[in-house]
Amino acid sequence: MNITAMIPARFEASRFPGKLMKDLAGKTVILRTYEATINTNLFDEVYVVTDSNIIFDEIISNGGKALKSKKEHESGSDRIAEAIENMDVDIVVNVQGDEPFTKKEPLLKLLEVFRNDAKNEIDIASLMIKIDNIAEINNPNNVKVVTDQRNFAMYFSRSIIPYPREESLAIYFKHIGIYAFRKEALLKITKLPVNRLEATEKLENLRFLANGFKVKMVETDQMSIGIDTPEDLEKANAIFKNRKNN
């Protein structure tokens with residue numbers, strides 16, 4: 001089974017423009033993410049796929065592998081689908097470009113569900129982490145997910161789900177936006193139109209569910225650290241500095 005990691009990377013970002021090329025302990029954020037993904041030793045190939053000459057040159061000049069998108073894309077999934085269409089790939093993992101602390105253990109758990117999927121019923125796998133802080137639960141930037149008894153996703157929402165009519169029974173899971181796709185599923189999904197639910201909540205994963213794709217959720221206790229704001233970058237630099245000092 002060929003397993004490839006793709007790191008979709010746009011230079012522009014609405015909340016933090018150019019963040020992937022910002023300095024993080026002597027290297028750019030995107031290069032740190034690429035190297036962290038390589039260092040998991042889980043993938044046959046790792047590529048950065050980008051519309052930016054700056055990011056492309058950054059990866060290539062440091063001995064990495066990068067692909068230039070031929071078209072404009074609305075999402076990372078669309079960008080990856082274009083890149084893998086003619087590749088010999090079975091499973092493709094979408095690693096976010098602003099995740100320089102990407103770890104092996106959660107990704108390994110994600111890939112194991114495909115290795116154990118004897119009936120080939122899983123189209124997509126993704127991660128979730130239990131949350132109990134009320135501010136996190138109420139925050140619409142934290143996407144919540146509910147699952148069935150076999151941990152297949154039933155719904156994703158920015159709202160509180162499930163609604164705590166009986167608070168003592170409520171358990172909440174935050175969706176972590178790392179996906180592993182079967183190649184054929186990803187190619188089909190990216191050809192489908194945006195549906196009403198996706199447009200309402202601005203959540204691409206609702207397109208998967210609305211069209212009958214089976215999304216297996218994998219629980220992890222390891223929270224990733226993304227670079228979404230200048231403050232996040234400061235925290236990340238502090239982590240690297242602390243590692244170096246220790």
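Modeller: Helix α1, residues 29–38, is mostly covered, with eight of its 10 residues buried, where buried stands for under 20% relative accessible area, exposed for over 50% and partly exposed for what lies in between, using a 1.4 Å probe and protein chains only. The buried residues are V29, I30, L31, R32, T33, Y34, A36 and T37. Helices (H or I, at least four residues) and strands (E, at least two) are taken as DSSP runs and numbered from the N terminus. The model is a predicted one, so local features need pLDDT of at least 70 and side-chain atom pairs count only at pLDDT 80 or more, while totals for chains, interfaces and linings use all residues. Residues are numbered from 1 along each chain as its sequence is written, and side-chain values use heavy atoms, with hydrogens and water left out.

The axes of α1 and α2 come within 10 Å and cross at roughly 50°; these axes are lines fitted to C-alpha atoms, for helices over the stretch in contact, with angles running from 0 to 180 degrees between N-to-C directions. The two helices, α1 and α2, are therefore oblique to each other, given that angles under 35 degrees count as roughly parallel, over 145 as roughly antiparallel, 65 to 115 as roughly perpendicular and the rest as oblique. In passing α2, α1 makes a right-handed crossing, a crossing being left-handed if the near helix is turned anticlockwise from the far one by less than a right angle, and right-handed if clockwise.

Strand β4 (residues 45–50) has five of its six residues buried, so β4 is largely enclosed by the rest of the structure. With pairing defined as at least two bridges found by DSSP between two strands, β4 pairs with strand β1 (residues 3–9) in the parallel sense over six bridges, and A9 stands opposite T50 in β4. Strand β5 (residues 66–68) runs parallel to β4 and is joined to β4 by three bridges, and here T50 stands opposite K68 in β5. From β4 the chain crosses through helix α2 (residues 53–61) to β5, and this β-α-β crossover is right-handed: with the strands pointing away from the viewer, the path from the first strand over the helix to the second runs clockwise.

E45 and K65 form a salt bridge whose closest N and O atoms are 2.5 Å apart, the criterion being a side-chain nitrogen of Lys or Arg within 4 Å of a carboxyl oxygen of Asp or Glu. This pair links distant parts of the chain, with E45 in strand β4 and K65 in the loop between α2 and β5, 20 residues apart. E45 counts as partly exposed at 26% relative accessibility, and K65 is partly exposed too, with a relative accessible area of 36%. By this rule the count comes to 10 salt bridges. Another of them joins R207 to E198, with the closest N and O atoms 2.8 Å apart, and there both residues, R207 and E198, are buried. Salt bridges that share partners also join K19, D98 and D228 into one network.
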